[in-house]
Amino acid sequence: MKAFVAGATGETGRRIVQELVKRNIPVRALVRNLETAKEILPAQAELIVGDVLKPESLSAAIADSTVILSATGAKPSFDPTGPYKVDYEGTKNLVDVAKTKGIEHFVMVSSLCVSQLFHPLNLFWLILVWKKQAEEYLEKSGLSYTIVRPGGLKNEDNPDPVVMSSADTLFDGSIPRTKVAQVCVEALSQPEAGNKIVEVVAKPEVPDKTWDQLFAGVV
């Protein structure tokens, strides 16, 4: 297995890269700024300069990778086209190139509540709408996929067990980014993770389940 990570310098993406490195999975990290990336990402990761909005840069960047993990996301800004470009067009470009490359599995980080049009997050230039559109594009692509919809993202880790549920069943809750990274990397090797949308939060006082049990519990 050789992993390609898009959005690698983001808060979630960098943790995905760290998790892959920890498991000795070779990783190519797509970055826009090499100097910034060198400060953030582990030395074992191969840094590739490129941009999901420039599809012509992606084929060479992906090279001989066998799986893709996408943690791209528009940053809050005054550009109303940000979420459309990054969350939808960027994912679409990745999916299109993945198909030509024969990628074995595509993991996409999305968000809870993407199906709720009147969610407050859509005040940020319809970000959830575009994430949902990107999800649907991946679902229809013919690629083997796992879509991970985390609750509110926390930078600090905690010992709370992961709760995993089917699409459109969790509407609140939070989860450390380190746990989201673990879910994404586990999805690469769990037979029960294929072609599923999984919603994830972390909660105290819930029974601790194995990854097999968590993925198998999602229909």
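Colleague: Which residues lie nearest the centre of the largest pocket?
Modeller: A71, T72, G73, A74 and K75. The whole lining of that pocket comes to 46 residues. Keep in mind that this is a predicted model.

Colleague: What volume does the largest pocket have?
Modeller: About 1200 Å³.

Colleague: Which elements each supply at least two residues of its lining?
Modeller: Helices and strands both do. The helices are α1 (11–22), α2 (34–40), α4 (82–101) and α5 (127–139). The strands are β2 (27–31) and β7 (152–154).

Colleague: And how do the lining residues of the largest pocket divide?
Modeller: There are 20 nonpolar, 17 polar and nine charged residues in that lining.

Colleague: Now cavities. How many of 30 Å³ or more does the structure hold?
Modeller: One. The space in the largest cavity is about 30 Å³.

Colleague: Which residues line the largest cavity?
Modeller: S70, T72, D87, T91, M108, V109 and K131.

Colleague: What classes are in the lining of the largest cavity?
Modeller: Two nonpolar, three polar and two charged residues.

Colleague: Where is the place of L117?
Modeller: In a loop. L117 sits between β5 (105–109) and α5.

Colleague: What about charge pairs? How many salt bridges does a search of the whole structure find?
Modeller: The search gives 15. One pairs E11 with R14, with 3.9 Å between the closest N and O atoms.

Colleague: How are E11 and R14 separated in helix α1?
Modeller: By about one helical turn, because they are three residues apart in α1. In general, oppositely charged side chains can pair when their charged atoms come close.

Colleague: Last topic, the overall fold. How many helices and strands does the protein chain have?
Modeller: Seven helices and ten strands. The chain has a radius of gyration of 16 Å, close to the 17 Å from the globule rule for 219 residues, so it is as compact as a globular protein of that length.

Colleague: What box do the C-alpha atoms fill?
Modeller: Roughly 45 × 40 × 35 Å, along the principal axes.

Methods. Residues numbered from 1 in each chain as written. Predicted model: local features only at pLDDT ≥ 70, side-chain atom pairs only at ≥ 80, totals over all residues. Heavy atoms only, no water. 1 Å grid on protein atoms, 1.4 Å probe; cavity = no way out; pocket = protein on both sides within 12 Å on 5 of 7 lines; lining within 4 Å. Points joined across faces, edges and corners; volume = space filled by probe spheres on them. Helix = DSSP H or I, 4+ residues; strand = E, 2+ residues; numbered from the N terminus. Nonpolar A, V, L, I, M, F, W, Y, C, P; charged D, E, K, R; others polar. Rg over C-alpha atoms; globule rule 2.2 N^0.38 Å. Salt bridge = Lys/Arg side-chain N within 4 Å of Asp/Glu carboxyl O.
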